[in-house]
Amino acid sequence: MATDFFERQSTARRNTKWLIWAFSLSVIGILTTTFIVTAMAVGAAEGGPNGFSPGGEFPWHIPGGATVASLALIAGGSLFKIAQLAGGGTGVAERLGGRRIYPNSLEPNERRLLNVVEEMALASGVPVPPVFMMKGEEGINAFAAGFSPSDAVIGVTRGCVEQLSRDQLQGVIAHEFSHILNGDMRLNLRMIGILHGILLLGLVGRELLRIASFSGGNRKRNDGVMYLLLVGLVMMVLGFLGMFLGNLIKAAISRQREFLADASAVQFTRNPEGIAGALKRIGAAVFGSRLTSPRAAEISHMYFAEGVSNLFATHPPLPERIRRLDPRWDGKFPKPLSAAAVAGLAGGDAAGFVGEEAALFRPNVPVEVVRHAADQVGNPTEAHRRYAAELVAAMPPQVVESAHEPYGARAVIFASLLDVDQNIRAVQLDTLRQLTEPDVYELTLKLLPSVDQLDVRAYLPLVDMTLPALRALSPSQYQAFTQCFIKLVQADKRLGLFEWTLHQILLRHLRPQFERVRPPQIVYYGLQQLGGQCSVLLSTLARASQCDDKFAYESGARLLPEVPLEFLPADACRLNDLQAALQQLSQVAAKHRGRLVDASAAAICADAEVRVEEAELLRGICDMLDCPMPPLLPGQRVAVRESVS
């Protein structure tokens, strides 16, 4: 791809700033127009130009009040919508009529969709997102919504699932995962909130006109009605202007992001025919990609394809997108297929692992792959997708099945927390028996032998796999689960760094579903102020390596020359210290988080040998830095980033 993850994140942030500037200029223009037009309308109602004479009694409070009211309306509408969207992607999906598909669904189309989403998530290094289906929508469309991968959801229409083959569905889902990885989701949600205040003007103006039309009475009241009609008419006109500007802003930001997401989907699936075929199906379908929900227009810029008709299209023309993916396309759309015919187009299942057969079982990961790990962040490929499918296939079926339903997911996590030391395990099991439900406890015991035999590569994907089922817990079940989880962790007096990282990842991605968690914010634009936090990270990783601690630390520190660093003693690198350090480092601008990944990889690679545990630890650290890293595969070729100073 032409750009890397960190550059795309920076672009999304620049687009957010551009959005705020465009919004501010639009508001200034609307308020100025409100004052001028209202003053002219009142002047005409007061008897023409005489109303504007300095000695006259022109009611300036009316245009002034209309302007202030418009400003309050815009600000209030935007703040209300931003607060309404604070719940992340789930709220967006439910507002569009989406119904959540639970991970243990047995309906064939739903099962196929869930398998594709899970495969893509594990290959991307992000939590498996909840999936919502809009059963009343026959058009072919989809979207990704959320502030971060932790609260992201995938929404699809019924037409998308029923009318696309697995290859085509895979292309659509890969396109949406590109939006998750590139920072587009947060920008899209902000756009909804910010522009809502402008669009609200037209709705209020229409309501004022309706109220005025039913008013009447004495002359004094009629004068008030006249002013109400004038203000309502002005606000309605301004509402149309706001809608025009809002759609213009949406189109300006969204169109190029769609081309980038299409290109990313091709890289992810290595199958341009998949996403191109989905776009062709849209062109051939009776309902196309149209959505019928009355709220469809407010997120028009978030869909896979144009969902509503606008003067300014938020997506590039369908033929243009198809020709970029399939230059040999003849311009003709295929004939619509029946649901039965589409179901027969299986395709897309992994037919063997790409690469060496022993890749799943190698004790080490090539140093060069880990050294350039940052170049793979946010850039999953077809090899990663196939690896994820192979990894899940190698897991015990009972563990995989349990991970997909709430009782089983809790049991899988509890089993993974149990210490290998039988004395500590006995204490943990006694704690578990007291704090959790009997069925969960019994299932934990049943799964324990299988979980004990899991390859270390399976633990991070398994945590991600359980998240959709754990997010389906009731609030009381979540509270009980987290309390039991913490007690089991505390019972293990020697929790290792890798195990601790897995547990932090689980709680980090689960909390936004049940607690009000602020979306991640960029606070630091350099690392100079974070020398202590960088020292904790590199010193901790150096002590976890197999070579000389000081040498490993210096290997990483060498890549951060401007940061005041020191090699810390072991008692300054406790897990609580590392947690606090990573929380602050995750608030650094994207390009500097990329440098942290490079430095961490250098510390791990210092001994010229990388164990699988170390590679998976690096992936876990990257997750906590909001840098989703796909599996580190032997023989994986990546485009090396230019160094950032």
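Start by selecting Arg270: this residue is exposed, at a relative accessible area of 59%. Here "exposed" means over 50% relative accessible area, "buried" means under 20%, and "partly exposed" is in between (1.4 Å probe, protein chains only). You'll find Arg270 in the loop between helix H8 (219-269) and helix H9 (272-284). Helices (H or I, at least four residues) and strands (E, at least two) are DSSP runs, numbered from the N terminus. Check the backbone while you're there: phi of Arg270 is near 55 degrees, a positive value in a residue other than glycine.

A word on what you're looking at: this is a predicted model, where local features need pLDDT of at least 70 and side-chain atom pairs count only at pLDDT 80 or more, while totals for chains, interfaces and linings use all residues. Residues are numbered from 1 along each chain as its sequence is written, and side-chain values use heavy atoms, with hydrogens and water left out.

Next, jump to Asp626, in the segment after helix H25 (612-624). Asp626 isn't a glycine either, yet has a positive phi of about 60 degrees. Is Asp626 buried or partly exposed? With a relative accessible area of 21%, Asp626 is partly exposed.

Now select Leu632 and show what surrounds it. Leaving out residues up to four places away in sequence, Leu632 touches Val365, Val369, Val370, Ala373, Gln376, Ala615, Leu618 and Arg619. A contact here means heavy atoms within 4.5 Å. Leu632 also belongs to the largest nonpolar core, which has 144 residues. Such a core is a set of buried Ala, Val, Leu, Ile, Met, Phe, Trp, Tyr and Cys residues joined through side-chain atoms within 4.5 Å. For a quick view of the core, select the residues with the most contacts inside it: Leu113, Val156, Ile173, Phe177, Phe304, Phe481 and Leu632. In soluble globular proteins, nonpolar side chains tend to be buried together.

Time for some charges. How many salt bridges does a search of the whole structure find? The search turns up 27, each one a side-chain nitrogen of Lys or Arg within 4 Å of a carboxyl oxygen of Asp or Glu.

- Select Lys135 and Glu110, a salt bridge whose closest N and O atoms are 3.1 Å apart. This pair links distant parts of the chain, 25 residues apart: Lys135 is in the loop between strand S2 (131-134) and strand S3 (142-145), and Glu110 is in helix H4 (residues 108-124). Lys135 is partly exposed at 37%, whereas Glu110 is buried at 6% relative accessibility.
- Select Asp549 and Arg543: their closest N and O atoms are 3.5 Å apart. Asp549 is partly exposed at 25%, and Arg543 is partly exposed at 31%.
- Select Arg574 and Asp577, with the closest N and O atoms 3.4 Å apart. Arg574 is exposed at 53%, while Asp577 is partly exposed at 25%.
- Select Glu119, Arg166, Glu382, Arg385 and Arg386 together, and you have a network of salt bridges.

Finally, zoom out and colour by secondary structure: the chain has 25 helices and 6 strands. Of its 645 residues, 57% are buried. Among contacts between residues at least 6 apart in sequence, 80% join residues at least 24 apart.
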